[in-house]
Amino acid sequence: MSDLAATDLDARLERHRTELAGYCYRMLGSSFEAEDAVQDTMVRAWRSFDRFEGRSSLRSWLYRIATNVCLDMLSAGNRRARPMDLSDATPVARAALNARPEAAWLEPVPDGRVLPSLVDPAEKAVERETIRLAFVAALQHLPPKQRAVLILREVLAWKASEVAELLETTVASVNSALQRARSTLAERAPADTDAADPLDEEQQKLLARYVAAFEGYDMEALTALLHEDATLSMPPYDLWLRGHDDIVGWMLGVGSVCRGSRLVPTVANGTPAFAHYHPGESGGFDPWALMVIEITDGRVAGITSFLDTERWFPLFGLPKHLEE
């Protein structure tokens with residue numbers, strides 16, 4: 001292959017990188033594994049392009065490769081989970097931080113890495129809705145091939161015949177897998193969250209009040225912003241709390257180390273998020289958590305604080321330190 005042809009092929013493959021990353025993220029529940037899967041897909045495509053017969057589009061061919069890569073990665077049987085997938089909520093009186101490093105936790109992802117630039121508002125809404133933490137967590141309960149079928153049919157709007165060709169199976173088999181996947185997902189239906197693209201005026205006001213309450217450590221004001229059955233989780237700890245009383249009780253107890261923190265807005269998984277910075281020992285503020293916020297009916301329904309900031313802050317392009 002000439003240098004010019006290689007450069008052209010690289011450009012053609014790169015045009016599909018973001019949408020493939022979104023597909024692999026939904027399949028794997030891990031931003032880093034999705035990135036590895038896409039890179040493996042690109043390498044395989046580049047090496048075998050001379051055998052690409054053109055009977056399908058380049059996009060379809062890349063999705064076939066990506067699907068096989070993801071299925072290989074999922075063959076070990078581990079699924080990504082949230083703390084609420086592994087245990088019941090813990091009353092605040094018995095709450096303790098127990099790290100479970102052996103658990104494969106569901107990971108956050110920056111929108112820009114997995115959401116292609118779409119013009120159609122309806123398509124854009126589906127893309128954002130289906131990278132939400134709750135939705136991706138629900139997908140992890142599906143067997144890998146059912147997961148692929150559901151994503152291709154329901155999220156990417158492929159025809160059953162196209163999915164059958166990709167998976168080298170029959171249309172009847174695809175329809176059966178989709179029906180089973182829908183049934184499983186219905187049993188674990190993730191709660192809807194308010195659309196947030198862009199944030200409307202009321203959502204902006206809600207988040208501004210949330211920042212003011214959190215940074216001011218005003219628990220009365222914070223309680224007013226939370227749903228009565230709101231949840232708080234902190235991977236890699238398996239603890240999770242349900243209800244604004246237990247959340248506030250935690251924040252006034254063990255969580256009181258968060259007093260004096262600062263929140264910097266960002267976006268993760270199609271929803272508002274904050275980089276949470278904690279007062280540093282030598283002044284300023286150091287990374288503490290990536291806080292992903294889920295909003296339902298105008299109130300905060302879920303707070304997920306991902307504590308492994310050495311992984312998440314660079315991924316989201318967040319500064320390593322804030323000055324006073």
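Let me start with two helices: the axes of helix α2 (residues 17-28) and α4 come within 10 Å and cross at roughly 30 degrees. Axes here are lines fitted to C-alpha atoms, for helices over the stretch in contact, and angles run from 0 to 180 degrees between N-to-C directions. Helices (H or I, at least four residues) and strands (E, at least two) are DSSP runs, numbered from the N terminus.

Before going on, a word on the source: this is a predicted model, where local features need pLDDT of at least 70 and side-chain atom pairs count only at pLDDT 80 or more, while totals for chains, interfaces and linings use all residues. Residues are numbered from 1 along each chain as its sequence is written, and side-chain values use heavy atoms, with hydrogens and water left out.

Back to the pair. α2 and α4 are therefore roughly parallel to each other. For that wording, angles under 35 degrees count as roughly parallel, over 145 as roughly antiparallel, 65 to 115 as roughly perpendicular and the rest as oblique. The crossing of α2 and α4 is right-handed. A crossing is called left-handed if the near helix is turned anticlockwise from the far one by less than a right angle, and right-handed if clockwise.

Which residues make the contact? On the α2 side they are Glu19, Leu20, Tyr23, Cys24, Met27 and Leu28, and on the α4 side Arg59, Leu62, Tyr63, Ala66, Thr67, Cys70, Leu71 and Met73. Contact means heavy atoms within 4.5 Å. Sorted by class, the contact of α2 with α4 has 11 nonpolar, one polar and two charged residues. Ala, Val, Leu, Ile, Met, Phe, Trp, Tyr, Cys and Pro count as nonpolar, Asp, Glu, Lys and Arg as charged, and the others, Gly among them, as polar.

α4 has another partner. Helix α4 (residues 58-73) packs with helix α10 (residues 160-167) at an angle of about 55 degrees, and their axes are 9 Å apart. That makes α4 oblique to α10. The crossing of α4 and α10 is right-handed. From α4, the residues Ser60, Tyr63, Arg64 and Thr67 meet Glu165, Leu166 and Leu167 of α10. This contact of α4 with α10 divides into three nonpolar, two polar and two charged residues.

Ala160, Ser161, Val163 and Ala164 of α10 make the contact with Val171, Val174 and Asn175 of α11. Here the classes are five nonpolar, two polar and no charged residues.

Now the sheet. Six strands form an open sheet in the order β2-β1-β6-β5-β4-β3, and the pairing is mixed. Two strands pair if DSSP finds at least two bridges between them. The edge strands are β2 (240-242) and β3, each of which pairs on one side only. Neighbouring strands of this sheet are turned by 20 degrees against each other on average, direction ignored.

Take the β3 end. Strand β3 (residues 262-268) and strand β4 (residues 271-279) pair in the antiparallel sense over seven bridges. Arg262 stands opposite Tyr277 in β4, and the bridge partner of Leu263 in β4 is His276. β3 and β4 form a hairpin with two residues between them, and Asn269 in the turn has a positive phi of about 55 degrees.

At the other end, three bridges join β1 to β2, which run antiparallel. Ser233 has Trp240 in β2 as its bridge partner. This hairpin of β1 and β2 has six residues between the strands. β1 is also joined to strand β6 (residues 299-306) by four bridges, and these two run parallel. Thr231 stands opposite Gly302 in β6.

Is β1 mostly covered or mostly open? Mostly covered: six of its eight residues are buried. Buried means under 20% relative accessible area, exposed over 50%, partly exposed in between (1.4 Å probe, protein chains only).

Last, one residue. Met251 is found in helix α14. Met251 is buried, with a relative accessible area of 8%. Leaving out residues up to four places away in sequence, Met251 touches Phe214, Tyr217, Met219, Leu222 and Ser256. Met251 and Phe214 are 37 residues apart in sequence and 9.9 Å apart in space, C-alpha to C-alpha.
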